[in-house]
Amino acid sequence: FSILYSSVLRANGVPSRMLFGRWAATAPKGDGQHHVKCEFYDDRIGWVPVDLASAILHDKQAPYLQFFGRDGGSFITMHVDPDLCIESKHTGTQTVPHCQGVLCWSVGSGSGPEERKVTWVVKDA
């Protein structure tokens with residue numbers, strides 16, 4: 001939803017950006033923590049957060065603005081906008097379309113899992 005919303009805003013001359021990342025919380029078993037949020041720029045107040053996916057899933061009361069212009073601070077942004085370029089001395093420049101977690105590259109020979117699952121657990125300090 002945020003990618004489409006950001007595209008519509010940009011097509012209409014409104015500066016916007018997508019925030020790719022994950023929730024800063026321990027996910028219930030089976031739930032992912034990956035998420036994409038959006039922000040648009042207003043000259044009078046700066047970047048305004050919009051989280052359409054959370055609004056659709058969680059905002060059940062009129063005027064349906066719980067996730068418009070508000071940010072609860074529980075999101076870790078891994079990068080802004082798609083196509084993050086990462087420089088590596090082993091593989092050169094790698095383009096990552098959506099970085100929402102830990103990335104790693106291996107060099108050499110051998111075999112291993114194609115993908116590794118990373119689980120985050122958040123504990124109170």
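View 1. R44 is exposed, with 74% relative accessibility, whereas D42 is buried at 16%. Here buried means under 20% relative accessible area, exposed means over 50%, and partly exposed is in between (1.4 Å probe, protein chains only). The two side chains meet in a salt bridge, 2.8 Å from N to O. For that label, a side-chain nitrogen of Lys or Arg has to sit within 4 Å of a carboxyl oxygen of Asp or Glu. A quick note before you zoom in further: this is a predicted model, where local features need pLDDT of at least 70, side-chain atom pairs count only at pLDDT 80 or more, and totals for chains, interfaces and linings use all residues. Residues are numbered from 1 along each chain as its sequence is written, and side-chain values use heavy atoms, with hydrogens and water left out.

View 2. Four strands make an open sheet in the order 3-2-1-4, with antiparallel pairing. Strand 3 (46–50) and strand 4 (75–80) are at the edges with a single partner strand each, so one side of each has no neighbour in the sheet. Strands (E, at least two residues) and helices (H or I, at least four) are DSSP runs numbered from the N terminus, and two strands pair if DSSP finds at least two bridges between them.

**View 3. Strand 1 and its neighbours.** Strand 1 (residues 16–23) runs antiparallel to strand 2 (residues 34–42), and seven bridges join them. R22 has H34 as its bridge partner in strand 2. On strand 4, the pairing with strand 1 is also antiparallel, over five bridges, and F20 has H79 as its bridge partner there. Six of the eight residues of strand 1 are buried, so the strand is largely enclosed by the rest of the structure.

View 4. E39 in strand 2 is the bridge partner of R17. These residues also form a salt bridge, with the closest N and O atoms 2.6 Å apart. E39 lies in strand 2 and R17 in strand 1, so the pair ties together parts that are 22 residues apart in sequence. E39 is buried at 11% relative accessible area, while R17 is partly exposed at 23%.

**View 5. K37 and D71.** D71 forms a salt bridge with K37, the closest N and O atoms being 3.4 Å apart. D71 sits in the loop between helix 2 and strand 4 and K37 in strand 2, so this pair links parts 34 residues apart in sequence. K37 is buried at 6% relative accessible area, but D71 is partly exposed at 45%.
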